[in-house]
Amino acid sequence: MKLSIIIVNYRAWGFLRECLQSLVSDSDSGNWQLVVVDNFSNDGKLPGFRTDFPKVEFIEAGRNGGFAFGCNTGANVAKGDRLLFLNPDVIVQPGQVGKLLEVKDGLERPAILTATQVNGKGQAQKTWDIFPNLFTYLKSVKSLLRRVMPSRYPNPREKHGELMDCDWVSGAVFLLDRKDFDALGGWCEDYWLYSEDCDLCYLAHQSGMQVACTPDVTFLHHHGGASRQNRQITVLTKTEAIISKHVFNNRHRKGLLRFSNHLLIFLANVPELVFWTLLDALSLRRFKALSIRRSMLKQLLAYYYKVLKTRDWRSRQACESP
């Protein structure tokens, strides 16, 4: 098998249908293994998809252990020499997967490769970035650094005409050889959502692999389509975006640097959430955006309490059953 395409789904059925239709209509799809891991959607819709897409292998996970958990579950049944991890809200135009494989063939050393991603309006989406550090947790500081030091802090939303070597690339479109995936140990399941792609790319750099984005291949990505389905999921995913930064820092930083990073992540998020929560109370909870931030603060404080109690920085969502 030339290629296994692995998609992790959680109740993103509308996007998933469009994604699978775009894949099975490609003339090269006969050489691909399509695997969908359903992370315990538990809403009765999976049997219908099995009927509608008989050539796709559907795996029903017993819990929603997160993106990394789902990716590893799919990789366990993958037969391809190469693995392409795709978000369910990614739409693939005919021939683009083949072009991505051709770019991979032309690279001189083992690599993780992604493609350019655009939204429905053709606007460039963030597909890569630098590894987080003490200077980049505050968005205002990061924006300033991109202006004054563009070579060190390039803007991932700007167009680049050549292959771009990156620190890390988005897990929404993530291609690598099976043997390299196994050598890296797969996805780290300490994360529930976000930063697991950054983590795997960090390990890839340590092993001497290239991490790159090609401008020659473009995928349509309805960014947030799978992670912003309703208020509850929005609160959870936005909170996990913060928690995942702590997980990455705890795994890859040590001593005073680790402590400083944890403190900065806290200061970059909690005071702001406290402010919006107070404003939510003053407005008598009439605004959805403010209530989301209030719920985020509640979940984040519960996470910090767990950390203080257990000294375990892992996401609780990643470790618990539904």
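Select Asp177 and Arg82: their side chains meet in a salt bridge, 2.8 Å from N to O. A salt bridge here is a side-chain nitrogen of Lys or Arg within 4 Å of a carboxyl oxygen of Asp or Glu. The pair links distant parts of the chain, with Asp177 in strand β10 and Arg82 in strand β4, 95 residues apart. Helices (H or I, at least four residues) and strands (E, at least two) are DSSP runs, numbered from the N terminus. Both Asp177 and Arg82 are buried. Buried means under 20% relative accessible area, exposed means over 50%, and partly exposed is in between (1.4 Å probe, protein chains only).

Before you move on, please note that this is a predicted model: local features need pLDDT of at least 70, side-chain atom pairs count only at pLDDT 80 or more, and totals for chains, interfaces and linings use all residues. Residues are numbered from 1 along each chain as its sequence is written, and side-chain values use heavy atoms, with hydrogens and water left out.

**Stop 1**

Asp177 belongs to strand β10 and Lys104 to helix α4, so the pair ties together parts that are 73 residues apart in sequence. Asp177 counts as buried at 12% relative accessibility, and Lys104 counts as buried at 5%.

**Stop 2**

Select residues 173-177 to see strand β10. How many of its 5 residues are buried? The count is 5 of 5, so β10 is largely enclosed by the rest of the structure. In a regular strand the side chains alternate between the two faces of the sheet. In β10 both faces are covered: Val173, Leu175 and Asp177 lie on one side, Phe174 and Leu176 on the other, and all are buried.

Next, bring in strand β4, residues 82-86, which pairs with β10 in the antiparallel sense over 5 bridges. Two strands pair if DSSP finds at least two bridges between them. To find one of the contacts, pick Leu83, whose bridge partner in β10 is Leu176.

**Stop 3: helix α4**

Lys104 leads you to helix α4, so select residues 96-105. This helix is mostly covered, with 7 of its 10 residues buried. The buried residues in α4 are Gln96, Val97, Gly98, Leu100, Leu101, Val103 and Lys104.

**Stop 4: strands β1 and β2**

Turn to strand β2, residues 32-38, where 7 of the 7 residues are buried. Colour Trp32, Leu34, Val36 and Asp38 for one side, then Gln33, Val35 and Val37 for the other: both faces are covered, and all of these residues are buried. Strand β1, residues 3-9, pairs with β2 in the parallel sense over 7 bridges. Which residue of β2 is the bridge partner of Leu3? Select Trp32 to see that partner.

**Stop 5: a loop with positive phi angles**

Go to the loop between α6 (178-184) and α7 (196-206), where you will find Tyr194. Tyr194 has a positive phi of about 80° although it is not a glycine. In the loop between α6 and α7 you will also find Ser195, whose phi is near 75°, a positive value in a residue other than glycine. Are they buried or exposed? Tyr194 counts as partly exposed at 24% relative accessibility, whereas Ser195 counts as buried at 17%.

**Stop 6: helix α10**

Select residues 288-310 for helix α10, which holds Arg293. Arg293 is partly exposed, with a relative accessible area of 31%. Leu297 also has its place in α10, but Leu297 is buried, with a relative accessible area of 9%. From Leu297, look for Glu272: the two are 25 residues apart in sequence and 9.4 Å apart in space, C-alpha to C-alpha.

**Last stop: another salt bridge**

Finish with Arg314 and Asp312, which form a salt bridge with their closest N and O atoms 2.9 Å apart. Arg314 is partly exposed, with a relative accessible area of 35%, and Asp312 is partly exposed too, at 22%.
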